[in-house]
Amino acid sequence: MSARSELRFPEGFVWGAATAAYQIEGAARDGGRGPSIWDTFSRTPGKVFQGHTGDVACDHYHRYRDDVALMAELGLKAYRFSIAWPRIQPDGTGPVEPRGLDFYDRLVDALVEHGIDPIVTLYHWDLPQTLEDRGGWTDRDTAERLADYATAVYARLGDRVRTWTTLNEPWCSAYLGYGSGIHAPGVVDAGAAFTAVHHLLLGHGLAARALRAAGAETVGITLNPADVRPADPDSAADAAAVRLVDGLQNRIFLDPLTGAGYPEDMLTHIARHVEPTFVRDGDEKLIAAPIDLLGINFYQPTYVAGRPDAAGGGGTFPGTEGAVEFQPPTGPLTEMGWMIEPAGLTRLLERIATDYPGLPMMITENGGAFPDPVRPEDGLVADDDRIGYLDGHLRAAHEAISRGVDLRGYLVWSFLDNFEWAEGYRKRFGIVHVDYLTQRRTPKSSARWYQEVISRNGL
C-alpha cells in the first residue's frame with residue numbers, strides 16, 4: 001500500500017459531526033419555543049431562497065432518537081449541536097421553559113447511552129426575536145443575557161456535557177447579520193456590525209466565566225478564521241490588503257480572546273465607522289476569560305489584492321471599499337462556489353499555533369456542498385466529490401499535526417443535509433441525505449467512507 005493510504009491520527013483524536021439547531025430541529029412552535037431572528041428573517045420576502053424556512057427542517061426535534069442511532073451506527077465519537085436559545089428562554093430572558101430543557105436533556109441522554117460525547121454550542125445565530133427588538137447584538141444587555149442563558153443550560157446539562165462552546169462564528173453574526181444584512185437580522189450598517197463584534201465577544205467572556213464558575217470542564221469558542229493570501233506575493237499593496245482582511249476576520253477576534261486586547265489598527269479602522277465608546281474599561285479583561293479549546297470552522301482560503309478602485313467586501317468586510325479586491329475563486333469549486341484548497345487549512349492551523357501558542361484546537365466544521373443526486377436504480381448517493389474534499393482536508397489536518405499543531409479532533413459539517421441559511425434547502429452539506437418530503441435519511445457514500453476513517457483512526 002502507498003504511504004498516501006497509511007496516515008494515522010493521534011491516539012484519542014476525536015471524530016464526530018456537527019449541526020445547528022435552526023438548521024435541523026424544525027418544530028418551530030413546539031414546546032413553548034419563541035420566535036428567533038431566523039424565523040423572522042426567513043419570512044421576510046426575498047431574504048431566503050424561495051421563501052424557505054426552518055419550520056420543519058429535518059424534524060430532528062421529533063426524530064432525534066433515530067438520528068442518534070444512525071450516528072452510533074456510523075461510529076461517531078462526538079456530536080456538536082447547538083441549543084436553541086428561544087426554546088430555553090422564549091423571550092431571551094426571564095424564567096426558563098422546562099419543555100425546551102427537557103428536549104435537550106433527552107438528546108444528551110440518548111447520546112451518552114450510545115457512547116457519543118455531546119459538544120454543546122450555546123449560540124449558533126438564532127437570537128430570540130424579543131432581544132433583537134431591543135437592539136440585539138448592538139445592545140450591551142444582550143451579552144449579559146447570554147451569560148444568564150448559559151447558566152440555565154449548564155444547570156440542567158452540565159452533569160453530562162463536558163465541552164461547552166459559547167458562540168459559533170461571531171464574524172458571521174456581526175458582519176453578515178448587521179453589516180451586509182444577508183443573514184438575520186438583516187441590518188446594513190458598518191457601525192452596528194463593529195458594535196456587534198464587541199458585544200458578541202463580551203457575551204462570550206461573560207458566558208465563559210459563568211460556565212467556569214458553575215463547574216464546566218472544557219470551555220471554548222468557535223471561530224471561522226481565514227487563511228488570507230495575497231494575489232501577488234511580491235506586491236506591497238496586496239500585503240496591505242491581506243493585513244486589513246486578516247484584521248477584520250482573524251485578529252479582531254483572536255487577539256482580545258487571548259488577552260492581547262483589540263489590535264490598534266482595528267481600533268483605528270473601527271473609528272472610521274463608529275466611535276468605539278461601546279468598549280468600556282475592563283471589557284477586554286472580561287473577553288479574555290481563559291479558554292480550553294478553540295473551534296476552527298474552515299471551508300476555503302481567501303485571496304485578496306490591493307486596489308484603490310476596488311469594490312471591497314461590502315458590509316461583509318466593512319471599510320474594505322477602495323482598498324481590497326477579493327479574488328474570484330479558481331480551480332475546483334464546491335456548489336457554494338467556494339474554492340477547494342486543503343493546504344489553506346494547514347497554513348491556517350500552523351499560523352494560529354504560532355501566533356497564539358498554547359491554544360488547543362478542534363476542527364468543528366469542515367465540509368462541502370455538492371449536487372448529491374439520488375441514483376434511481378438503487379437509491380444511493382455516490383458523493384465522490386465530497387469524499388475527495390474531506391480526504392484532502394483530513395490530510396491537511398494531519399500535516400498540521402505532524403508539524404506540531406495541537407489539534408484534538410475533527411467534526412464534519414454536516415451530519416444531515418439541512419436548512420442552509422439564506423440558501424434555503426438548495427445546498428446540501430450532509431454526509432446523510434435527507435428527503436425533505438418524507439424525512440427519510442440515507443447515508444451517502446461519504447458517510448460510509450467516514451465510518452471507515454473513524455474505525456481505523458486515519459486514512
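Angles under 35 degrees count as roughly parallel, over 145 as roughly antiparallel, 65 to 115 as roughly perpendicular and the rest as oblique. By that rule, H7 and H9 are roughly parallel to each other. The structure is a predicted model, in which local features need pLDDT of at least 70 and side-chain atom pairs count only at pLDDT 80 or more, while totals for chains, interfaces and linings use all residues. Residues are numbered from 1 along each chain as its sequence is written, and side-chain values use heavy atoms, with hydrogens and water left out.

**Helix packing**

- Helix H7 (residues 140–157) packs with H9 at an angle of about 30 degrees, their axes being 8 Å apart; axes are lines fitted to C-alpha atoms, for helices over the stretch in contact, and angles run from 0 to 180 degrees between N-to-C directions.
- H7 passes H9 in a right-handed crossing, a term for the near helix being turned clockwise from the far one by less than a right angle, with anticlockwise giving left-handed.
- The contact of H7 with H9 comprises 11 nonpolar, 5 polar and 2 charged residues; Ala, Val, Leu, Ile, Met, Phe, Trp, Tyr, Cys and Pro count as nonpolar, Asp, Glu, Lys and Arg as charged, and the others, Gly among them, as polar.

**Cis peptide bonds**

- The bond from Ala184 to Pro185 is cis, with omega near 10 degrees, and Pro185 is found in the loop between helix H8 (170–179) and helix H9 (190–214); helices (H or I, at least four residues) and strands (E, at least two) are DSSP runs, numbered from the N terminus.
- A cis peptide bond also joins Trp413 to Ser414, with omega near 10 degrees; Ser414 is found in the loop between strand E11 (407–413) and strand E12 (432–434).

**Loop residues**

- Ala27, although not a glycine, has a positive phi of about 50 degrees; it is placed in the loop between helix H1 (21–24) and helix H2 (37–42).
- Ala27 is buried, with a relative accessible area of 7%; buried means under 20%, exposed over 50% and partly exposed in between (1.4 Å probe, protein chains only).
- Asp59, likewise not a glycine, has a positive phi of about 50 degrees, lies in the loop between H2 and helix H3 (60–73), and is buried at 13% relative accessible area.
- Gly259, in the loop between helix H10 (236–257) and helix H11 (264–271), is exposed, with a relative accessible area of 54%.
- The C-alpha atoms of Gly259 and Lys285 are separated by 7.1 Å, the two residues being 26 residues apart along the chain.
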